[in-house]
Amino acid sequence: MQKYADSFVAADVDLEILGDLRDADLAELGVSLGDRKRILRAIETLAPAGPPEPRVADGDRGERRQLSVVFCDLVGSTELAGRLDPEDLRSTIKAYHERCSDVVARHGGEVGQFLGDGVMVQFGYPQAHEDDAERAARCALDLVAAVRNLDLPDGLHLQTRAGIATGTEVVGDLAGSTRDRMSVVGTTPSLASRLQSVAEPETVVITSATRRLIGEAFALTELPSRPIKGVGDDVALWRIDGERRGTSR
């Protein structure tokens, strides 16, 4: 229907709205009755090839990143809950979370999740550093000290313990996620949680993957090997005793 092309252009009719045209619209454009019927039949045959490909938001795209994950947990939280009034307990946990957030921010990490009295911290995402494993180790040691020195009413003193796991995972913000939703898909966070569960109060425990990355920058004590669910029956463990000043990887 080339003879109607100029009329279509003059009326700003293009392929985007072609499917919306009706008989009255074509008549207004000066198309004859026979040609209107032909054009409408042709439009009906213009079925879309398929549903449009869904747009993937930038935040839904996963990335493979090497992460060092710190999992920190309060010691004796059950006894604490039985000792305090619910309102006092809530205030205590809130103060604990705030102190942890301050320490994590100082070391360039990201709080991935608050789990009651547990805190999961990730180094390597969203911002990566060459020394993320060392940052994680310093952060864990500072978390232990900061919670110990937390000023609480009634002479209450808190203790914590931490585990650090390092591995390559798929990370990214989940659709509709918030700060408190997991954005790490993989085993590293679970391993960090299991390591803190075997740590003594006010200590930090790591495995060989983190040990290799921190090199000689920290004083370590080798612990007896033990089974760790999801890792193996004889896993080598180390306790981080402190940082060696002036020593690099």
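How many bridges pair strand 7 with strand 8, and in which sense do the two strands run? The legends below begin with that pair.

This is a predicted model, in which local features need pLDDT of at least 70, side-chain atom pairs count only at pLDDT 80 or more, and totals for chains, interfaces and linings use all residues. Residues are numbered from 1 along each chain as its sequence is written, and side-chain values use heavy atoms, with hydrogens and water left out.

**View 1. The hairpin of strand 7 and strand 8.** Strand 7 (residues 218-228) pairs with strand 8 in the antiparallel sense over eight bridges. Pairing requires that DSSP finds at least two bridges between two strands. Elements are DSSP runs numbered from the N terminus: helices are H or I with at least four residues, strands are E with at least two. E222 has W238 of strand 8 as its bridge partner. Three residues lie between the strands of this hairpin, and G230 takes a positive phi near 85°.

**View 2. The hairpin of strand 2 and strand 3.** Strand 2 (residues 110-115) runs antiparallel to strand 3, and five bridges join them. The partner of E110 in strand 3 is Q122. Two residues separate the strands, and G116 in the turn has a positive phi of about 65°.

**View 3. The largest nonpolar core.** A nonpolar core is a set of buried Ala, Val, Leu, Ile, Met, Phe, Trp, Tyr and Cys residues joined through side-chain atoms within 4.5 Å. Buried means under 20% relative accessible area, exposed means over 50%, and partly exposed is in between (1.4 Å probe, protein chains only). In soluble globular proteins, nonpolar side chains tend to be buried together. The largest core here has 36 residues, and V70, Y96, L158 and I164 have the most contacts inside it. Elements giving two or more residues to this core include strand 1 (63-74), helix 5 (86-106), strand 3 (118-123) and strand 4 (160-171). Helix 6 gives the most, with nine residues.

**View 4. The surroundings of Y96.** Contact means heavy atoms within 4.5 Å. Beyond its neighbours within four places in sequence, Y96 touches C72, D73, L74, D117, G118, V119, V147, L150, L158 and T160. A second, separate core of 15 residues includes A192, L195, A199 and L237.

**View 5. Cysteines C72, C100 and C139.** A disulfide is a pair of cysteine sulfur atoms within 2.5 Å, and the whole structure has zero of them. For C72, the nearest cysteine sulfur is that of C100, 4.9 Å away. The sulfur of C139 also has its closest cysteine sulfur in C100, but at 8.3 Å, which is too far for a bond. C72 is buried, at 0% relative accessibility, and C139 is buried with a relative accessible area of 0%.

**View 6. Backbone geometry at P126 and E202.** The peptide bond joining Y125 and P126 is cis, with omega about 0°. P126 sits in the loop between strand 3 and helix 6. E202 is not a glycine, yet has a positive phi of about 65°. Its place is the loop between helix 7 (188-198) and strand 6. E202 is partly exposed, at 25% relative accessibility.

**View 7. Salt bridges around E216.** A salt bridge is a side-chain nitrogen of Lys or Arg within 4 Å of a carboxyl oxygen of Asp or Glu; the whole structure has 10. E216 forms one with R211, the closest N and O atoms being 3.5 Å apart. R211 is partly exposed, with a relative accessible area of 21%, and the value for E216, also partly exposed, is 40%. The side chains of E216 and R244 meet in another salt bridge, at 3.0 Å from N to O. This pair links distant parts of the chain, 28 residues apart: E216 is in the loop between helix 8 (208-214) and strand 7, and R244 is in the segment after strand 8. R244 is partly exposed, at 35% relative accessibility. Salt bridges with shared partners also join E134, R138 and E243 into one network.

**View 8. The salt bridge of D131 and R135.** The closest N and O atoms of D131 and R135 are 2.9 Å apart. D131 is partly exposed, with a relative accessible area of 22%; R135 is partly exposed at 22%.

View 9. pLDDT is the predictor's confidence in each residue, from 0 to 100. Over residues 47-59 pLDDT stays under 50, and the model has four contacts beyond four places in sequence for them. It also stays under 50 over residues 175-182, for which there are 14 such contacts.
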